[in-house]
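Student: I have a model open and would like to talk it through. Can we start with the surface and work inwards?

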Amino acid sequence: MRHILLCTCLLLSCGGMLAAPSSKASGPQQAAEPSKQAADQSKQAPASSAQADRGEQVFTTNCVRCHTPPGGMPQRVTGTIVMHMRVRARLSREDEQALLRFLAP
Amino acid sequence: MLTRLTKSGLYLAIVACFVALPGLVSAQEADNHAGHIPLISGGMGYVQNWNGGVTSLEPQINPVLLVPFGSHVLLESRVDFTGFFQHEHQTYGSFTGKVFKTVEFAQVDWLANTHAIATFGRYLLPFGIYNERLQPIWIKNLQDSPITATIGTRSGGAGTGPMARGVIVQRPSYSAQYSAYYSMPSDVEQLQSLKLAGGDGSLFWSKPRLEAGDSYQRVLQDRHINNVAAYVSWQPRDTHIDLKAEYDYSYYGNGYWLESAYLLDRPEIPALFRRIQMVGRVQQFVPLHGGGNSLPRVNQQRLDVGLNYNLRDNLRMVSSYGRSFSSTGDANVWNIGFTYRFTLPLWPERK
């Protein structure tokens, strides 16, 4: 019985790994239209800059209250860690989103 | 009763499921590249302690498992493995001891919205600021806990059952947060908890980075007692000063602790010394009704000074000296060691 359970869960693991969509955080998206992407980025630059400032503000206001800033956090785990911090520090949804834009732009 | 092999198989199966499920659930936001990958994080370290001539060796590791299901549900758990070794005959002889294992928390969080995060499972009791925020080895500035740390945090500092927490109101200049919980009694080994209910509320002023809060807890078993804490935390902007203070009251005693920490991170200081953090703590405890219940039975005061050195952002050397004063005798307390914070993604990066 336990062998069946083990095999089932291992098969689920393999299935999950094969079915996983490629995440944005797994690496930079290959630019199919680099010129369009650059144009979009330049239009969004002022808004992105403001958003990054807000995120940095949330970071320096909240995170450092308890611990030193974490360095070198891989982008693929940033969302998970910020969720964990949102629970611990009772952050708002807006602060969470600002943090994510700052830590994983 | 499960056999050891069945238990191992069950643990492996559970881990395999958790590794698999995030791959089936996507969680992407439009304006960031943050991933929601399960990981193991946490802290580890080693502290050697000398207390009144008695040496203790305390290795410790606290892995934290974080498994998100989308961007609104998080499964998280932390286990503590702490070794405690002393001389066979207190001050001489070979070292002997054991490793203590505790499930500090194992909970499921539903991040519903800004105002409500629903938690169920075994959770850290939100009483005061030490238990939930400052207790991890890689966070705390001084390795010895305050004398009053056990007020409101009996039975491993955890409760079992439901908890709600979140933001009551948020404005540019301030925000108000809350926590409310109910804990069921449990006498399962390593998962003990008391029957109690309580809550916490705090105000945070963002510009001065000043927080003030209050915790209340009612124990609903044995001697039904009230526990109360009031705390302040302040990190003035443009400085590297960290000030914290807490007053705790229980049926068995009351006391306070004040702690300040200063990181020498100023441009006029040579780079080598900018990683130094100086810490000081003063505390006092007065027993009531004879004390006990993991609290001292006599008046006690203690002064600690510490020096920490951040080798890297996740690796530091820690050291402290404390002097404890009580009617049963004064004692010198020394600590020296290191702490390390680690992060281990459980999902490979895709190329």
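Student: What does the accessible surface of chain B come to?
Tutor: About 16500 Å², with 62% of that belonging to carbon and sulfur atoms. Accessible areas here come from the Shrake-Rupley method with a 1.4 Å probe, and for residues only the protein chains shown count as cover. Before going on: this is a predicted model, where local features need pLDDT of at least 70, side-chain atom pairs count only at pLDDT 80 or more, and totals for chains, interfaces and linings use all residues. Residues are numbered from 1 along each chain as its sequence is written, chains are lettered from A and ligands numbered from 1 in the order in which they are written, and side-chain values use heavy atoms, with hydrogens and water left out.

Student: And the surface of chain A?
Tutor: Chain A has about 5700 Å² of accessible surface, and carbon and sulfur atoms hold 63% of it.

Student: What about the overall dimensions of chain B?
Tutor: Its C-alpha atoms fill a box of roughly 60 × 60 × 40 Å along the principal axes. The radius of gyration of chain B is 21 Å, which agrees with a compact globule of 351 residues, since that would have a value near 20 Å. That radius is taken over C-alpha atoms, and the globule rule is 2.2 Å times the number of residues to the power 0.38.

Student: Is helix 4 of chain A mostly covered or mostly open?
Tutor: Mostly covered: eight of the 11 residues in helix 4 (residues 93-103) are buried. Among them are A:R93, A:D95, A:L99 and A:L100.

Student: Which residues have the most contacts inside the largest nonpolar core?
Tutor: A:V77, B:L39, B:L66, B:L74 and B:L111, in a core of 14 residues. A nonpolar core is a set of buried Ala, Val, Leu, Ile, Met, Phe, Trp, Tyr and Cys residues joined through side-chain atoms within 4.5 Å. At least two residues each come from helix 3 (75-89) of chain A and from strand 2 (54-69), strand 4 (95-113) and strand 5 (116-124) of chain B. Helix 3 of chain A gives the most, with four.

Student: Which residues does B:L39 touch?
Tutor: Leaving out residues up to four places away in sequence, its partners include A:V77, A:T80 and A:I81 from chain A, and B:L66 and B:P345 from chain B. Contact means heavy atoms within 4.5 Å.

Student: What about a second core?
Tutor: A separate core of 10 residues includes A:V58, A:F59, A:C63 and A:L99. In soluble globular proteins, nonpolar side chains tend to be buried together.

Student: Is B:R209 buried or exposed?
Tutor: Buried, with a relative accessible area of 9%. B:D222 also has a positive phi, near 50°, but B:D222 is exposed at 68%. B:D222 lies in the loop between strand 9 and strand 10 (226-234) of chain B.

Student: And where is B:I129?
Tutor: In the loop between strand 5 and helix 2 (130-134) of chain B. B:I129 is buried, with a relative accessible area of 1%.

Student: Last one: how exposed is B:A164?
Tutor: Partly exposed, at 30% relative accessible area. B:A164 is in strand 6 (residues 158-170) of chain B, and its C-alpha is 8.7 Å from that of B:F120, 44 residues apart in sequence.

Key. Buried means under 20% relative accessible area, exposed over 50%, partly exposed in between (1.4 Å probe, protein chains only).
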